[in-house]
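Thanks for making the time this morning.

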Amino acid sequence: MGLTSSIQLAGGSGGPENLRPLLATALDALGKGAIERDGPLPTGGAGAIGALFAEDVLPLDGSGAESALEGLARAFVAGAADPADPTCVAHLHTPPLALAVAADLVAGALNSSLDSWDQAPSGTHVEGQVIEALCGLVGYDPAVASGAVTSGGTESNLTGLLLAREHALANALGAHPVVTGIPAEMHGRLRILCSETTHFSVARSAGVLGLGEDSVIGVPLDRDHRMDPQALRSLLVDLRARGDLPIAVLATAGTTDLGVIDPLAELAEVAAEHGAWLHVDAAYGGGALFSERLAPLLSGIERADSVAIDLHKLGWQPVAAGVVLAQRASAFDPMERRVAYLNTSDDEAAGFQSRLGRSLRTTRRPDALKIAVTFRALGRRGLGDLVDRCHAQAHHAAASMREHPRLELYRDPVLTTVIFRYRPENGDPDAINAELRRALLRNGRAVVGRTELDGAVWLKLTLLNPNTTEPEIDALLADVIAAAEEEAR
Ligand SMILES: Cc1ncc(COP(=O)(O)O)c(C=O)c1O
């Protein structure tokens with residue numbers, strides 16, 4: 001295959017035949033690259049990766065489809081960290097379902113884009129259905145609520161905070177800062193309340209929204225690392241007394257490290273008392289709503305004004321599969337735009353609806369397709385079972401850690417993360433835990449997470465592979481202990 005196959009298209013009636021040999025090559029590269037890697041990541045650390053990609057990335061004359069795809073895909077796979085490996089457990093980096101990846105290929109082949117109906121008739125419809133289903137899952141009235149698929153929790157939280165800012169300033173002053181900027185008299189007086197365990201990107205989003213990162217006020221935590229509703233109440237009273245405007249309380253359902261879920265119902269009560277928007281970052285924990293056993297942990301989420309859920313975490317989707325939902329579709333009004341070449345009102349009146357006003361992006365992939373395929377294939381019960389399996393793994397890991405004299409468990413898992421560390425007899429525990437993790441990365445044996453809590457270094461297992469077995473978890477812990485003993489020697 002030469003240049004001719006390089007310029008064949010993925011869509012049209014010839015698309016499948018154009019794709020077929022290339023897919024065979026891609027699948028072959030997936031298999032061969034994994035054999036070359038032989039583990040969760042390549043050995044040799046960062047230095048080893050460059051050698052895989054020695055060839056010029058933009059030569060003057062191309063090498064042709066087959067050779068480029070074969071060579072680069074294989075190098076990519078050989079040099080990747082594969083979350084499907086039971087020892088690749090550092091991050092909320094889910095192993096995607098083969099089914100969802102196959103559906104994503106279809107979405108990619110058509111290149112549907114959700115900024116106008118005429119680029120995505122089916123994509124527009126499917127996203128509407130997925131959003132409706134998720135509104136129902138959260139406990140919203142799907143006839144009144146709305147939302148969009150996003151690039152992830154960062155964009156979903158940014159969007160939720162944007163809606164909150166518009167709502168607060170429209171209520172307080174009739175102002176629409178998305179159009180006119182933040183009124184001068186409100187500069188430095190708009191506040192977001194969240195806890196110190198809130199995702200780091202929230203402060204950056206506050207900056208992007210023109211509020212400044214210092215608009216974010218930390219609400220103290222209770223003994224279980226949850227946002228303390230009483231402390232929130234006192235802070236809101238103080239803020240109001242000094243003339244500040246709390247635009248949002250941002251609660252988390254599933255913090256990145258501990259998986260802690262803030263007391264949503266109580267926080268909703270306090271936020272409502274003070275007329276503050278409640279946004280729930282359920283990027284991680286939202287998937288627990290599929291599980292009958294775990295869903296009650298999120299009770300009260302239905303009272304949030306907006307919610308972020310990532311299905312590329314507890315949803316087994318390839319990135320990107322974030323979702324932002326708002327309890328009332330009208331919250332999106334400030335984002336609506338009429339664009340002459342995308343969504344005229346006469347087209348919309350004739351039924352050619354566009355989802356342009358649901359997103360900060362213009363061109364947007366139909367990421368809803370892979371989600372819809374997964375939902376239909378597994379159903380809520382099937383997804384709940386996957387969540388329960390990962391949750392059970394976390395409890396198994398915690399029990400094994402408790403039994404080992406040199407492992408210290410930080411606290412019982414809430415969702416699917418487990419925080420622990422090795423307690424050496426001698427030596428600096430922080431340095432030993434940090435170094436043992438790097439040693440596992442260097443020798444290609446495991447990708448274990450690292451974080452800092454109470455001023456100390458801790459390790460983290462983020463268990464998202466429903467097929468991982470208990471013996472595999474125990475073998476991983478044995479590897480961690482062996483690496484620790486090596487470092488402590
Ligand atoms: C609680 C929480 N919120 C938001 C995010 C950001 O999500 P994304 O990386 O999909 O933008 C993360 C990422 O891990 C998270 O754990």
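What you see is a predicted model, in which local features need pLDDT of at least 70 and side-chain atom pairs count only at pLDDT 80 or more, while totals for chains, interfaces and linings use all residues. Residues are numbered from 1 along each chain as its sequence is written, and side-chain values use heavy atoms, with hydrogens and water left out.

Let me start with the ligand. There are 13 residues around the ligand, and those that come nearest are Thr154, Thr256, Asp281, Asp310 and His312; a residue belongs to this shell if one of its heavy atoms lies within 4 Å of the molecule. By residue class, the shell holds two nonpolar, eight polar and three charged residues, where Ala, Val, Leu, Ile, Met, Phe, Trp, Tyr, Cys and Pro count as nonpolar, Asp, Glu, Lys and Arg as charged, and the others, Gly among them, as polar.

Which side chains place an N or O atom 2.7 Å, 2.8 Å and 3.1 Å from an oxygen atom of the ligand? The side chain of Asp310 does so at 2.7 Å, that of His312 at 2.8 Å, and that of Lys313 at 3.1 Å; the cut-off for such a polar contact is a pair of N or O atoms within 3.5 Å. Taken alone, the ligand exposes 390 Å², and the protein buries 83% of that, with accessible areas coming from the Shrake-Rupley method with a 1.4 Å probe.

Which helix gives the most to the shell around the ligand? That is helix H7, residues 153-173, with three residues; helices here are DSSP runs of H or I with at least four residues, strands are runs of E with at least two, and both are numbered from the N terminus. The end C-alpha atoms of H7 are 30 Å apart, which agrees with the 30 Å that its 21 residues should span at 1.5 Å a residue, the expected span being 1.5 Å times one less than the number of residues. H7 is mostly covered, in that 15 of its 21 residues are buried; buried means under 20% relative accessible area, exposed means over 50%, and partly exposed is in between, with a 1.4 Å probe and protein chains only. After H7 comes Gly174, whose phi is positive, near 70°.

Now the backbone. Most residues other than glycine have a negative phi, and most peptide bonds are trans. Trp316, in the loop between E6 and E7, has a positive phi near 60° without being a glycine, and Trp316 is buried, with a relative accessible area of 0%. In that loop, between strand E6 (306-310) and strand E7 (322-326), we also find Ala320, and the peptide bond from Val319 to Ala320 is cis, with omega near 5°. Asn111, found in the loop between H5 and helix H6 (121-138), is not a glycine either and has a positive phi of about 55°, but Asn111 counts as exposed, at 64% relative accessibility.

Finally, some single residues. Gly188, by contrast, is exposed at 54% and sits in the loop between helix H8 (177-180) and strand E2 (190-195); its C-alpha atom is separated by 7.1 Å from that of Ser215, 27 residues apart along the chain. Glu403, in helix H13, is exposed with a relative accessible area of 70%, and its C-alpha atom is separated from that of Leu134 by 40 Å.

Terms used:
Polar contact = N/O pair within 3.5 Å; in protein donor to acceptor, adjacent residues only side chain to side chain.
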